Amino acid sequence: MTPDTALLNAAAVVLARNPGAPLADIAAEAGIGRATLHRRYATRTDLLRALALESLEQTEQVLAPLLTGDTRGADRLAAVADALVPLGARFHFLMSEIAIYDDPEVSGAYEAHLTRLGSLIESLKADDALAPDVPTAWGVIALDALVWGAWSAVEEGYLARRDAPVLVTRTLLTGLSPSP
């Protein structure tokens with residue numbers, strides 16, 4: 001892991017928990033001083049931009065093979081959940097840090113990301129894994145919330161890592177009602 005990746009991972013964790021966290025908290029989480037952070041990223045905006053772009057790249061690397069492969073329906077969603085839960089802080093950061101989308105490069109990459117997630121939801125509807133009347137945007141929002149919740153529960157020790165993707169898939173597909 002590069003020093004930048006470690007710093008951006010720390011930033012994602014801190015900002016996922018507290019979007020208004022000061023840079024000092026991010027530096028502390030990364031195990032570096034504020035001066036070191038400022039040498040790498042002169043401003044908060046520079047850090048957020050770098051985090052957004054790297055998060056989008058990581059998410060794309062994880063999603064691309066899953067969305068173009070032969071896996072369909074619930075199995076596809078399970079694979080996506082398994083891949084995204086470890087990226088929960090970054091995934092949630094992308095859905096919640098609205099101001100960074102004023103940057104044209106970030107905005108374009110984010111639109112492509114939302115399109116890819118929308119395609120996932122549409123494929124789940126086409127495979128009869130999701131009801132066809134569920135609005136695609138709602139499916140994307142629900143997936144984000146579940147991934148964030150699963151990541152958060154794993155981070156806090158409330159949920160085992162191996163159980164998180166299963167619960168994301170189950171909750172998105174059938175809610176929390178008892179199995180039939």
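Accessible areas come from the Shrake-Rupley method with a 1.4 Å probe. On that basis, the protein chain exposes about 9,100 Å², and carbon and sulfur atoms supply 57% of this area. The model described here is predicted. Its protein chain holds 9 helices and 0 strands.

**Overall fold and dimensions**

- Read along the sequence, the elements of the protein chain follow the pattern α-α-α-α-α-α-α-α-α.
- The C-alpha trace of the protein chain spans about 55 × 35 × 25 Å along its principal axes.

**Burial and contacts**

- Of the 180 residues in the protein chain, 41% are buried.
- Among contacts in the protein chain with a separation of 6 or more, 63% join residues 24 or more positions apart.

**Packing of helix 5 and helix 7**

- Two packed helices are described by the angle between their axes and the distance between the axes.
- Helix 5 covers residues 73–84 and helix 7 covers residues 104–126; their axes come within 8 Å and cross at roughly 150°.
- Angles over 145 degrees count as roughly antiparallel, and helix 5 and helix 7 are therefore roughly antiparallel to each other.
- Helix 5 contributes Gly 73, Arg 76, Leu 77 and Val 80 to the contact, while helix 7 contributes Leu 120, Ser 123 and Leu 124.
- The residues of this contact between helix 5 and helix 7 comprise 4 nonpolar, 2 polar and 1 charged.

How values were computed. Residues are numbered from 1 along each chain as its sequence is written. This is a predicted model: local features need pLDDT of at least 70, side-chain atom pairs count only at pLDDT 80 or more; totals for chains, interfaces and linings use all residues. Side-chain values use heavy atoms; hydrogens and water are left out. Axes are lines fitted to C-alpha atoms, for helices over the stretch in contact, and angles run from 0 to 180 degrees between N-to-C directions. Helices (H or I, at least four residues) and strands (E, at least two) are DSSP runs, numbered from the N terminus. Angles under 35 degrees count as roughly parallel, over 145 as roughly antiparallel, 65 to 115 as roughly perpendicular and the rest as oblique. Contact means heavy atoms within 4.5 Å. Ala, Val, Leu, Ile, Met, Phe, Trp, Tyr, Cys and Pro count as nonpolar, Asp, Glu, Lys and Arg as charged, and the others, Gly among them, as polar. Buried means under 20% relative accessible area, exposed over 50%, partly exposed in between (1.4 Å probe, protein chains only).
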